[in-house]
Amino acid sequence: MSYEVKTEAFEGPLDLLLHLINRLEIDIYDIKMAEITEQYMEHVHAMRVLELNEASEYLVMAATLLSIKSKMLLPIHQDDDIDEDFDMDLQDPRDELVLRLIEYKKYKEAAENLHEMEETRSLYYSRPPTDLSEYQTGKQLELLELDANVYDMLGAFQKMLRRKQINAPLNTRISKQEISIKAQMKNVIEVLKKGGGKLSFYDLFPTRDKQTIVTTFLSLLELMKRQIIQVEQKSNFEDLFVQLRKEDIESEFEDEIDE
């Protein structure tokens, strides 16, 4: 019996591409297709291991990247008999992708600006002046400023898979998960407490069991969403560290987590 996991942490293939372009410090108008395709395929492989049902749209983008990469490998023949008007019609295979990325980036930045405006406006109340100091500690805003995002974690997950050399067999039978995400969240908290409240991302995956690895990773995403943990990365390509923000978390588990 197979199992399916759904999470809202991943926003889409264009979002992943923008993340990789920023991380690799690539000019969006001159994308290095070989490098970006390799990094993108590694992230997609990690998604397939996680068996996320969002992975299908990422595979479509992967096919697009491979198509563009193959077109750029084709030799360009210079022919004196070809007139200049024909040369003007030759397009860079990356042009359409670049336009899509720029358009997506524009709307994403607009959405972020609107969200900031919403948060700013939420601080205003149509009522007589009163003491709101207890509500203006800045704690909630501070919790949202994480040093690593979900795609950084996905990259670390892919590296961890390579370290453990998990190879899926050609024929396999997956039984129902014996451990829930809710239970694994509590396990992660206990491990962090024993480790002094902060551990390397890889220290949270001591087992080679695929189901446990996948469940642990998804539990980390849920803990990040609930702001129970913070994931830190000092600079690009360095290891991630998971830090515990809350120790008393019983109230966090009053509602069941969808599995």
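In this predicted model, Glu 35 touches Leu 24 and Ile 26, leaving aside residues up to four places away in sequence. Glu 35 belongs to helix 2 and counts as partly exposed, with a relative accessibility of 33%.

A second residue of helix 2 is His 43. His 43 has a relative accessible area of 4% and is therefore buried, the cut-off being under 20%. Residues up to four places away in sequence aside, the contacts of His 43 are Leu 16, Leu 20, Tyr 151, Leu 154 and Gly 155. Leu 16 and Leu 20 are themselves among the buried residues of helix 1, while Tyr 151, Leu 154 and Gly 155 lie in helix 7.

**Helix 1 and its cover**

Helix 1 spans residues 13-23 and is mostly covered, with 10 of its 11 residues buried. The buried set consists of Pro 13, Leu 14, Asp 15, Leu 16, Leu 17, Leu 18, His 19, Leu 20, Ile 21 and Arg 23. The cover over these residues includes helix 2 (33-50), helix 3 (55-73), helix 5 (95-121) and helix 7 (150-164). Just after helix 1, the backbone at Glu 25 has a positive phi of about 55°.

**Helix 2 against helix 7**

Two packed helices are described by the angle between their axes and the distance between the axes. For helix 2 and helix 7, the axes come within 9 Å and cross at roughly 80°. The two helices are therefore roughly perpendicular to each other, since the range for that term is 65 to 115 degrees. On the helix 2 side the contact is made by Glu 42, His 43, His 45, Ala 46, Met 47, Val 49 and Leu 50; on the helix 7 side it is made by Tyr 151, Leu 154, Gly 155, Phe 157, Gln 158, Leu 161 and Arg 162. By class, the residues of this contact are 8 nonpolar, 4 polar and 2 charged.

The strands form an open sheet of 3 strands in the order 1-3-2, with antiparallel pairing. Strand 1 (198-200) and strand 2 are the edge strands, each pairing on one side only. From one strand to the next the twist averages 20°.

| Strand pair | Sense | Bridges |
|---|---|---|
| Strand 1 and strand 3 | antiparallel | 3 bridges |
| Strand 2 and strand 3 | antiparallel | 4 bridges |

Gln 243 in strand 3 is the bridge partner of Lys 198 and also the bridge partner of Gln 230. Elsewhere in strand 3, Leu 244 stands opposite Ile 229.

In a regular strand the side chains alternate between the two faces of the sheet. Helix 8 (residues 181-194) lies across strand 1, strand 2 and strand 3, and runs at about 90° to strand 3.

**The chain as a whole**

The chain contains 9 helices and 3 strands. In sequence order the pattern is α-α-α-α-α-α-α-α-β-α-β-β. Of its 259 residues, 38% count as buried. The accessible surface of the chain amounts to about 17300 Å², and carbon and sulfur atoms account for 48% of that area. Among contacts between residues at least 6 apart in sequence, 75% join residues at least 24 apart.

Technical notes:
Residues numbered from 1 in each chain as written. Predicted model: local features only at pLDDT ≥ 70, side-chain atom pairs only at ≥ 80, totals over all residues. Heavy atoms only, no water. Buried < 20%, exposed > 50% of the residue type's maximum accessible area, 1.4 Å probe, protein only. Contact = heavy atoms within 4.5 Å. Axes fitted to C-alpha atoms, helices over the stretch in contact; angles between N-to-C directions. Parallel < 35°, antiparallel > 145°, perpendicular 65-115°, else oblique. Nonpolar A, V, L, I, M, F, W, Y, C, P; charged D, E, K, R; others polar. Areas by Shrake-Rupley, 256 points an atom, 1.4 Å probe, with all protein chains shown as cover. Pairing = 2+ DSSP bridges.
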